[in-house]
Every structure is written in structure tokens, then in C-alpha cells.
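Please keep the structure in view while reading.

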Amino acid sequence: MRVCFDDKIMVLKPKSPEESKTEMTVRMFPSDANPAGNVFGGEILKQIDLIAGLVAQRHARTNTVTASIDRVNFLKPVYVGNALILNAQLTYVHRSSMEIEIRVEAEDLMSGTRMLTDTAYVTAVALGSDGKTVEVSPLLLQTEDDKKRFSEGEQRMIQRLKERKKNQ
Ligand SMILES: CC(C)(COP(=O)(O)OP(=O)(O)OC[C@H]1O[C@@H](n2cnc3c(N)ncnc32)[C@H](O)[C@@H]1OP(=O)(O)O)[C@@H](O)C(=O)NCCC(=O)NCCS
């Protein structure tokens, strides 16, 4: 893949999902929750958005913005005092857009019990210094799992763009 930059042709080196994969742990405080101690969905969404931005920027090495967040499944409650552990990795990359899969677990710090609480897909788009979308490195697919995730991501992206068109 080639991009024109100041009259020079730059070749974008493919990068594996492993290179930008990110884990993040944050502790939940009373200000993150309702009076019963349930952490707000909005707080979890914020952390999902933050980690997706980290992964995207690690891959693109330029500014990235969130274009869409797919349906988020809040599978189990998260409580004040829990550690929220987020794992995120790239599944699909097109020209400037990148799909990131996020899995969120809550850890009870007293017992050490961990539970999957949320899953989400975020699409980030890479922007150049002029604010216009720019091409990013293609995804290097080394394992069968990488290839499967990529093709599932491609299907989700087709669906997403159809829905975007309907809403415009
Ligand atoms: C996301 C954004 C940059 C897309 O810009 P645009 O001019 O509409 O761009 P295009 O239609 O040319 O699409 C550019 C890329 O974004 C992708 N895209 C655009 N909207 C999308 C959506 N809703 N979901 C997934 N991908 C989307 C396109 O498929 C395309 O990908 P590709 O380059 O890999 O083929 C623009 O809509 C924007 O700036 N939105 C606001 C972002 C923001 O403020 N986020 C919150 C703060 S981080």
C-alpha cells in the first residue's frame, strides 16, 4: 500500500494486531456509580472509547477519532471498588478506518473473582494534520484466528456502512 506525502511515495508496512493490542486496568470509585453502587454505563463506555483510541493510535501513529460504537452489551453489573480490566485489539482495517474489539471484565479485588461484563466494537478513523482522513497500515494477518476476526469484521463494517447510509 502506498500513500503520497509531500511528493514522496511512502509504503505503509503491514502491522499485526499484536503490535497495538492493549490492556488497561482502572478502579471504579463512588463518583463513577449510582447511589446503589452500580457503575454507570456511561463510565464504562468512556473507558471503552479511551482504550479503542489507544489501540487505533498505536496502529495508525496519527490522530484518530471515533466514528462509531456498535451496540454495547452490558452483560453483568460492575460495582464501586471493582477493578475494570479492558482488553482491546484490532480486528479489521480498511483504508482509514479500523475496527477494534473490546472485552471488559470486572475484578472483585477482595476475592480476586473476575467476570466478563461488557463487549463492544468501536470504529476509529485516522486523520492527518489537515483533519482529512488518511490511509493506515494494512493489518498483517498471521494466524487463522486473525484471518477469521478480519473477515467477521469486514462483514460488520459492510452492515455498519449500510446503516450509516440509511440514517443520513
Ligand atoms: C468519522 C469521520 C472522520 C468520517 O469522515 P467522512 O468525511 O464522513 O469520511 P468518509 O465518508 O470519507 O469515510 C472515511 C472513513 O470512515 C469510515 N466511516 C465513516 N463513518 C463511519 C461509521 N459511522 N462507522 C464506521 N466507519 C465509518 C468510512 O467507511 C471510511 O473508511 P475507509 O477510509 O477505511 O474506507 C467524520 O464523520 C467525523 O469527523 N466524525 C466525528 C468524529 C468525532 O468527533 N468523534 C468523537 C470524538 S473522538
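What covers the buried residues of α2? The cover includes α1 (17-20), β3 (22-27), β4, β6 (83-93), β7 (97-107) and β8, where contact requires C-beta atoms, placed from the backbone, within 7 Å. Helices (H or I, at least four residues) and strands (E, at least two) are DSSP runs, numbered from the N terminus.

The model is predicted: local features need pLDDT of at least 70, side-chain atom pairs count only at pLDDT 80 or more, and totals for chains, interfaces and linings use all residues. Residues are numbered from 1 along each chain as its sequence is written.

A residue is buried if 20 or more other C-beta atoms, placed from the backbone, lie within 10 Å of its own. In α2 the buried residues are I44, I48, I51, A52, V55, A56, H59 and A60. They lie on the same side of α2, because they cover an arc of only 160° around the axis, taken from the directions from the helix axis to the C-beta atoms. Just after α2, R61 has a positive phi of about 55°. By contrast, two of the 24 residues of α3 are buried, so α3 lies largely in the open.

**The ligand shell**

The ligand is surrounded by 14 residues, each with its C-beta atom, placed from the backbone, within 6 Å. The closest are S68, H94, R95, S96 and S97. β4 (63-69) gives the largest share, four residues.

Terms used
Buried ≥ 20, exposed ≤ 12 C-beta atoms within 10 Å, placed from the backbone. Contact = placed C-beta atoms within 7 Å.
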